[in-house]
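This report describes a ligand site and the aromatic pairs of one protein. The sequence and structure are shown first.

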Amino acid sequence: MAKPIYVLNGPNLNRLGTREPAIYGKATLADVERYCREAAGAHPVEFRQSNSEAEIIGWIHEAIDNGSGIVINPAAFTFTSIAILDALKMFEGPIIELHISNIHKREPYYHHSLVSKIATAVIAGLGAEGYRIATASMLKLIK
Ligand code: CA2
């Protein structure tokens, strides 16, 4: 069986679609999961969300052992977590950093991503559709 693509989501994204629709749109996290699974077709996907830094690091370690690629929206941890950065550095496969909004045209504290340093690619500002595009791109990167 092919090694799964890990789609990891950070804090508060479990509330996606419930507020700030002008920035994040109306799609829920369940919608986003569906977009990823549709884009992946028969390729297995591990889709996860956590508000816990430790849990996200645990999933990155899991992906190091059994994953083919990581699509990650670290949310606020993007700008704060060296621990998540250190974990991602240990992953040998492709990593796509994904943001629903264009972080570079938002508040200054959203301008400096720690993850972008080691990401294969960064997608930001395409809305929830970015998840579909990231997954489709990941399929090409792992082939
Ligand atoms: O644009 C993105 O995907 C972000 O990663 C989302 C994070 C924010 O801290 C980043 O700067 C950009 C925020 C996640 C909170 O998500 C919610 C969005 C809408 C409703 C509830 C939570």
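## Ligand shell

How many nonpolar, polar and charged residues are in the shell around the ligand? The shell has ten nonpolar, four polar and three charged residues; Ala, Val, Leu, Ile, Met, Phe, Trp, Tyr, Cys and Pro count as nonpolar, Asp, Glu, Lys and Arg as charged, and the others, Gly among them, as polar.

The model is predicted: local features need pLDDT of at least 70, side-chain atom pairs count only at pLDDT 80 or more, and totals for chains, interfaces and linings use all residues. Residues are numbered from 1 along each chain as its sequence is written, and side-chain values use heavy atoms, with hydrogens and water left out.

## Contacts with the ligand

Oxygen atoms of the ligand lie 2.8 Å from a polar side-chain atom of Asn 73, 2.7 Å from a polar backbone atom of Ile 100 and 2.6 Å from a side-chain N or O atom of Ser 101. Of the ligand's own 510 Å² of accessible area (Shrake-Rupley method, 1.4 Å probe), the protein covers 96%.

## Aromatic pairs

Two aromatic pairs (ring centres within 6.5 Å) are present. The rings of Phe 79 and Tyr 110 have centres 5.3 Å apart and planes at 40°, so this pair is tilted, neither stacked (under 30 degrees) nor edge-to-face (over 60).

Definitions and conventions: Polar contact = N/O pair within 3.5 Å; in protein donor to acceptor, adjacent residues only side chain to side chain. Phe/Tyr/Trp six-rings, centres within 6.5 Å; stacked < 30°, edge-to-face > 60°.
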